Amino acid sequence: MKFPLKILTPICILITIFVGSSLCISCTEKKAKESTETVVLTTERTVTNTSITEKTRAMKVLLINGSPNEFGSTFTALSEVAKTLNQEGIETEIIHIGKHAMQGCTACRKCRGESDKCIFDDLVNEVAEKAKEADGFVFGSPVYYASANGSMSAFLDRLFYSQSKYFAHKPGAAVVAARRAGTTASLDQLNKYFTINQMPVVSSQYWNMVYGNNAEEVKKDLEGMQIMRTLGRNMAWLLKSIEAGKQAGLELPEREQRVSTNFIR
Ligand SMILES: Cc1cc2nc3c(=O)[nH]c(=O)nc-3n(C[C@H](O)[C@H](O)[C@H](O)COP(=O)(O)O)c2cc1C
């Protein structure tokens, strides 16, 4: 059957318009679908954000109390930090080491050879075990003769010499309690354990100290207590930031083969 050109041409034009408009409709549908997919993505992103918050809730900070007075000045300061961390959704555990006889480091170096633990199997190894899972640390000490007290110093020497790897790249903060003087010297001493071990140091609105001879006096040091709350919030913020970085795929910095030279060479 033959159609004259006069009839065929308008039919072709009509077919072209119909197919074209159908294609356009399916394009629009695709665009609409894509925009739905974008919404879904946004929702997923929200879910991811929620999972960051959920992960944040599961994060944990260990707070070490070096004082022999379990519920004294240092404990009062640490408790204020812990309370603030809890309000920020971070779990906490306060560990008291001050009442125990604390062996100092005997420089046997066995922890750097045949074992990766301290040969004195006491609180040092127990805390190191907990440190593996912890996300941040607060070391609290009373000031004794313008330094951290003996128990805390002995404890940290052994802990960091034997098992510093469980602390690297995790935030740390030092807190001290004193009756009158020696606070900044003690903080300098404690902060050195962090800064030799690639740990971000958490600070506050002032140096992390409280004044008082006992818990009741420390509670009256309103500025000191506020410093502790600010410290807790800063620690929480840093922990959440690190977690958000991990979720976004940010990896730990590359580590070079260690170079170790002594002054005489
Ligand atoms: C052996 C010893 C040395 C101390 N040396 C200092 C000091 O150098 N400067 C200071 O201000 N207070 C000093 N104090 C006081 C304590 O730092 C202060 O009482 C602190 O609140 C104790 O904290 P705690 O209750 O957590 O043990 C010393 C106390 C003792 C027992």
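Which elements do the buried residues of α5 pack against? I looked and found β3, β4, α4, β5 and β6 (209–211). I noted that the model I am reading is predicted.

**Entry: helix α5**

I listed the buried residues of α5 next. They are T183, S186, L187, L190, Y193 and F194. Then I looked down the helix axis. The buried residues of α5 fall within an arc of 110°, so they line one face of the helix. I also checked the length. Helix α5 covers residues 183–195, which is 13 residues. At 1.5 Å a residue it should span 18 Å, and its end C-alpha atoms are 18 Å apart, which agrees.

**Entry: helix α4**

I turned to α4 (150–163). It has 14 residues. From first C-alpha to last it reaches 20 Å, close to the 20 Å expected at 1.5 Å a residue. Is α4 largely enclosed or largely open? I found 11 of its 14 residues buried, so α4 is largely enclosed by the rest of the structure. I wrote down the buried ones: S151, M152, S153, A154, F155, L156, R158, L159, F160, S162 and Q163. They pack against α3 (123–133), β3, β4 and α5.

**Entry: E129**

I looked up E129 and found it in helix α3. Is E129 buried or exposed? I read 12 C-beta neighbours inside 10 Å, so E129 counts as exposed. The cut-off for exposed is 12 or fewer. I then took a distance from E129 to Q163. Their C-alpha atoms are separated by 9.3 Å, although the two residues are 34 apart along the chain. Q163 is one of the buried residues of α4.

**Entry: N149**

Where is N149? I found it in the loop between β4 (147–148) and α4. N149 has 21 other C-beta atoms within 10 Å, so it is buried. The cut-off for buried is 20 or more. Leaving out residues up to four places away in sequence, N149 touches G66, S67, G98, S141, P142 and Y144. I also checked N149 against P68. They are 81 residues apart along the chain, and their C-alpha atoms are separated by 9.5 Å.

**Entry: the ligand**

How many residues surround the ligand? I counted 19. The closest are S67, G72, S73, T74 and P142. β3 gives the most, with three residues. By class, I noted eight nonpolar, nine polar and two charged residues in the shell. S67 and P142 are among the residues N149 touches.

**Entry: the nonpolar core**

I looked up the largest nonpolar core and found 53 residues in it. Those with the most contacts inside it are V81, V138, F155 and V175. What does V175 touch? Leaving out residues up to four places away in sequence, I listed A77, L78, V81, V138, G140, N208 and M228.

**Entry: the whole chain**

I finished with the overall plan. The protein has seven helices and six strands. From the N terminus on, the order is α-β-α-β-α-β-β-α-β-α-β-α-α. Of the 265 residues, 33% count as buried. Last, I checked contacts between residues at least 6 apart in sequence. Of these, 79% join residues at least 24 apart.

Note on methods:
Residues are numbered from 1 along each chain as its sequence is written. This is a predicted model: local features need pLDDT of at least 70, side-chain atom pairs count only at pLDDT 80 or more; totals for chains, interfaces and linings use all residues. A residue is near a molecule or strand if its C-beta atom, placed from the backbone, lies within 6 Å of it. Helices (H or I, at least four residues) and strands (E, at least two) are DSSP runs, numbered from the N terminus. Ala, Val, Leu, Ile, Met, Phe, Trp, Tyr, Cys and Pro count as nonpolar, Asp, Glu, Lys and Arg as charged, and the others, Gly among them, as polar. A nonpolar core is a set of buried Ala, Val, Leu, Ile, Met, Phe, Trp, Tyr and Cys residues joined through C-beta atoms within 7 Å. Two residues are in contact if their C-beta atoms, placed from the backbone, lie within 7 Å. The expected span of a helix is 1.5 Å times one less than its number of residues. The arc is that of the directions from the helix axis to the C-beta atoms.
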